[in-house]
Amino acid sequence: MPNLKDLRNRIASVKSTQKITKAMQMVAAAKLRRAQESAEAARPYAERMETVLAGLSESLAGRDDAPPMMIGTGKSETHLLVVATAERGLCGGFNSNIARLAREHALRLLAEGKTVKIICVGRKGQDVLRRVLSNQIIDFVNMREVRRLEFSHARDVADKVIALFEAGECDVCTLFYSEFKNVITQVPTALQLIPASIDSDDDAPSKPDASLAAYDYEPEEKELLDELLPRNISVQIFRALLENAAGEQGARMSAMDSATRNAGEMIDSLTLTYNRARQAQITKELIEIISGAEAL
Amino acid sequence: MAELLKFELVSPEKLLMSEDVQYVTVPGTEGDFTVMPRHAPVLSTIRPGVITVLQDGGGEERIFIRGGFAEVNPEGLTLLAEEAVPMADVSRETLDRHIKDLEEDVADASSDEKRARVQEALDHLKQLHDAL
């Protein structure tokens with residue numbers, strides 16, 4: 001029979017845990033709205049960029065002098081993985097899902113005898129990957145201090161990637177992040193940055209091919225692409241970071257929601273046990289009194 | 001009133017401006033150009049500088065932009081800028097920061113061609129700085 005005081009303490013501690021999870025859920029909900037708004041605000045830019053690039057790459061397709069950032073170096077020896085995760089935990093499987101996808105990808109490449117280099121953006125992903133792939137991690141971008149995600153953060157990451165590529169230290173670059181489908185679904189995604197993967201079958205609203213062909217390019221297409229491709233990498237990374245931010249809050253919200261519910265259930269069952277124990281004790285005391293009285 | 005040009009200014013963070021205007025002057029990499037309604041389709045990169053927007057009512061707005069490109073299509077003009085600040089809010093400090101950035105870029109540039117391009121942008125910014 002657990003003693004009453006212990007039970008009371010446990011109920012009190014579960015209650016305070018529940019208060020914390022409840023508060024975290026509400027904070028996440030508020031942050032989620034903001035994160036979602038900024039993710040949506042960033043969409044027009046990324047979409048326009050995609051449309052323009054799709055048009056440009058079409059007109060350059062098949063030419064030998066297309067920039068390497070678009071067609072690759074022709075090798076696929078060294079792979080660079082950029083793994084973007086959250087800075088904080090307590091958000092369900094959010095971080096581990098991204099890290100798992102990246103880890104599997106990395107291990108498969110290693111098994112094929114390729115060289116793998118990893119840049120971690122966000123502490124949680126680094127914590128997980130460090131265990132298996134510590135030798136492959138070449139850089140770590142700390143986003144802990146970042147209150148509000150700005151484009152410059154993404155550009156810093158992109159600059160690192162571009163510098164590595166231009167120095168010939170990687171052939172293929174893939175970005176891992178979590179796509180924000182809705183509040184309860186986040187899909188871990190791998191996106192190839194270099195060579196640029198430009199899907200021409202996207203459902204972008206206006207993509208009249210005929211009119212794209214009629215563009216005057218200033219400067220020349222090739223120079224334009226040289227300038228746009230690195231920018232596109234920043235844009236893609238920025239979008240990934242924004243999606244991550246929204247996904248993180250969404251995941252945390254649902255994780256904390258179920259934690260709050262679980263705590264509630266635990267309190268209920270503990271209260272039941274507590275009441276039983278209390279009644280048992282009262283009965284026991286009564287029996288003692290009565291039998292004491294009878295003995296007189 | 002004559003025909004109007006549909007103008008959109010987009011930064012990675014948000015859609016900054018979307019309205020019908022009379023014309024927009026854009027600092028293209030190969031020279032400034034003004035886009036009026038029914039302009040031929042053009043795709044151009046831009047250098048750091050000031051765009052001038054003549055609004056429908058006749059009011060003029062000047063916005064400092066940096067990094068990006070302009071796309072003119074039959075529907076209108078879309079300007080994708082990495083950074084956009086209304087001229088009224090541009091301070092010497094912001095410009096100083098950009099100038100410093102670019103000076104570093106000049107130092108780091110990998111080829112002469114690139115260096116020349118960055119240098120040009122830098123000179124332009126310095127002019128702007130002096131004019132302020």
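Student: Why is A:N232 called buried?

Tutor: Buried means under 20% relative accessible area, exposed over 50%, and partly exposed in between, with a 1.4 Å probe and protein chains only. A:N232 has 8% relative accessibility, so it counts as buried. Note that this is a predicted model: local features need pLDDT of at least 70, side-chain atom pairs count only at pLDDT 80 or more, and totals for chains, interfaces and linings use all residues. Residues are numbered from 1 along each chain as its sequence is written, chains are lettered from A and ligands numbered from 1 in the order written, and side-chain values use heavy atoms, without hydrogens and water.

Student: Which residues does A:N232 touch, leaving out those up to four places away in sequence?

Tutor: A:M49 and A:L53. Contact means heavy atoms within 4.5 Å. A:N232 itself sits in helix α8 of chain A. Helices (H or I, at least four residues) and strands (E, at least two) are DSSP runs, numbered from the N terminus.

Student: What makes A:L241 buried?

Tutor: Its relative accessible area is 8%, so A:L241 falls in the buried class. A:L241 also lies in helix α8, residues 221–295 of chain A. Beyond four places in sequence, its contacts are A:A84, A:V121, A:M143, A:L149 and A:A154.

Student: What is the largest nonpolar core, and which members touch the most others?

Tutor: A nonpolar core is a set of buried Ala, Val, Leu, Ile, Met, Phe, Trp, Tyr and Cys residues joined through side-chain atoms within 4.5 Å. The largest has 50 residues, and A:L56, A:V121, A:I194, A:I233, A:I237 and A:L241 touch the most other members. Helix α8(A) gives the largest share, eleven residues. In soluble globular proteins, nonpolar side chains tend to be buried together.

Student: Why are β3 and β5 of chain A said to stand at the edges?

Tutor: Two strands pair if DSSP finds at least two bridges between them. The open sheet has five strands, in the order β3-β2-β1-β4-β5 (chain A), with mixed pairing. β3 (137–141) and β5 of chain A each have a single partner strand, so one side of each lacks a neighbour in the sheet.

Student: How do you know that β2(A) and β3(A) pair?

Tutor: Four bridges join these parallel strands, β2(A) and β3(A). A:I118 stands opposite A:I137 in β3(A).

Student: What does the predictor give for the complex?

Tutor: An ipTM of 0.73 and a pTM of 0.82.
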